[in-house]
Amino acid sequence: MTLNASTAETGLPIRLLHDRVLVKTEASEGERRSSAGLVIPATASVGTRLSWATAVGIGPHVRAIQVGDRVLFDPDERSEVELHGESYVLLRERDVHAVAASRVEPDATGLYL
């Protein structure tokens, strides 16, 4: 199987196509802590909460995301996949709401529309 450059770096046995982005979520979606240290249970819901993840693989037509970037996405619009016993999320680039990377200019959107 041929690996593209982005997945060859991480050792994943997959070649992403088109505008797909493979990400690894950073934290569990269970309970979390507020900035004041209060525990917020997983059952507490305040609208749609977006999730952060790290891009571990990208397809050849992805323009605004690079491997290692942190991306913000809606966890309700995702597909999960397991590779080598690890869980990943597969997204389209258009489903990513924001990119956090040192190369992103302060006034740039980081995405194409």
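What does the accessible surface of the protein chain come to, and what percentage of it belongs to carbon and sulfur atoms? The total is about 7,400 Å², with 50% belonging to carbon and sulfur atoms; such areas come from the Shrake-Rupley method with a 1.4 Å probe.

Colleagues, please note that this is a predicted model, in which local features need pLDDT of at least 70, side-chain atom pairs count only at pLDDT 80 or more, and totals for chains, interfaces and linings use all residues. Residues are numbered from 1 along each chain as its sequence is written, and side-chain values use heavy atoms, leaving out hydrogens and water.

Of the 113 residues of the protein chain, 30% count as buried, that is, under 20% relative accessible area with a 1.4 Å probe, protein chains only.

I turn now to the secondary structure. The protein chain has 1 helix and 8 strands; these are DSSP runs, of H or I over at least four residues for helices and of E over at least two for strands, numbered from the N terminus.

An open, antiparallel sheet is formed by 6 strands in the order β6-β7-β1-β4-β5-β8. Its edge strands, β6 (79–83) and β8 (96–100), each pair on one side only.

Consider strand β1, residues 20–25. Strand β1 is antiparallel to β7 (residues 86–92) over 4 bridges, and to β4 (residues 51–58) over 5 bridges; pairing requires at least two DSSP bridges between strands. Val21 faces Leu91 in β7 and has Ile58 as its bridge partner in β4. Leu22, in turn, stands opposite Leu90 of β7.

Conventions
Buried < 20%, exposed > 50% of the residue type's maximum accessible area, 1.4 Å probe, protein only.
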